Amino acid sequence: MNTDNVISSVQNPKVKRLLALQQKSSERREAGLFVVEGRREIERCLAAGFEVQTLFCTPEVASVVPQGSYDLYLVTPKVYERMAYRGSTEGMIAEVRTRQWQLADLPLTENPLIVVLESVEKPGNLGAILRSADAAGADAVVVCDPLTDLFNPNVVRASTGAVFSMPMVACTSEECIAFLQRRGISILTAQLQDSELYYDTDMRRPTAIVMGTEATGLTDQWRRAATAHIRIPMLGVADSLNVSVSAAILLYEAVRQRQ
């Protein structure tokens, strides 16, 4: 670990590099790195087997940083304030090596429960869905044709650590449909048209819950591939729920049926 010097300038190249990783998905892709803030999140990241490459912290917390084989740099509180994406992160921020699963390598159980998201746009929604999937004991989250970076800082923050523990795959819709069909996994598409109420649908067998964007819903290829079309009843004036809320409702219906 390198703890000889305290970084006191926001113009330091290491500070500029971390800020670029925070702000630009192209930088994250090119470097194969993303940013994690906070002691709890960094500890969960390490526990899940992710590689922390560099950790920055204020001198006040240097004695309690998690154990690991990474480079450690001390930064002044003023510099840390500039580096931190959000407040109250305990004076620790890290650059972490990205890691993604492949469909064929997903560690599925005998009766898998999978969340599939088509063209998810908002990183906060993806993070919240990862959190719900983890809480409901799902096997994996598959993101088809993603419109957001899977390691966007808002994904990491909204997932509260689930981005590290929940297997997550990015692929095309065609690849995902073929994967699910080969393994005999029921494809339940959440849609309003020609659908049945979600609690009247069997989720006790291997199941993939598939959701699209709030604006346009799912594409026709998913509707054609579906084993069943399901919907959540809307009893007020609104015609849809936030996709992360819908995911939580459907996941816990699967949990209820499987108990």
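I looked up Phe34 and found it buried, because its relative accessibility is 0%, where buried means under 20% relative accessible area with a 1.4 Å probe and protein chains only. I note that this is a predicted model, in which local features need pLDDT of at least 70, side-chain atom pairs count only at pLDDT 80 or more, and totals for chains, interfaces and linings use all residues. Residues are numbered from 1 along each chain as its sequence is written, and side-chain values use heavy atoms, with hydrogens and water left out.

I searched the whole structure for aromatic pairs and recorded six; rings of Phe, Tyr and Trp (its six-membered ring) pair if their centres lie within 6.5 Å, with planes under 30 degrees apart counted as stacked, over 60 as edge-to-face and the rest as tilted. Phe34 and Phe151 make a tilted pair, at 4.4 Å centre to centre and 35 degrees between the planes. Phe151 is also buried, because its relative accessible area is 3%.

I then checked Phe50 and Phe164, whose pair is edge-to-face, with 5.5 Å from centre to centre and 70 degrees between the planes. Both Phe50 and Phe164 are buried, and ring pairs link Phe34, Phe50, Phe151 and Phe164 into a cluster.

Arg99 lies over the face of Phe50, at 4.2 Å from the ring centre, the criterion being CZ of Arg or NZ of Lys within 6 Å of the ring centre and within 35 degrees of the ring normal.

How values were computed. Buried < 20%, exposed > 50% of the residue type's maximum accessible area, 1.4 Å probe, protein only.
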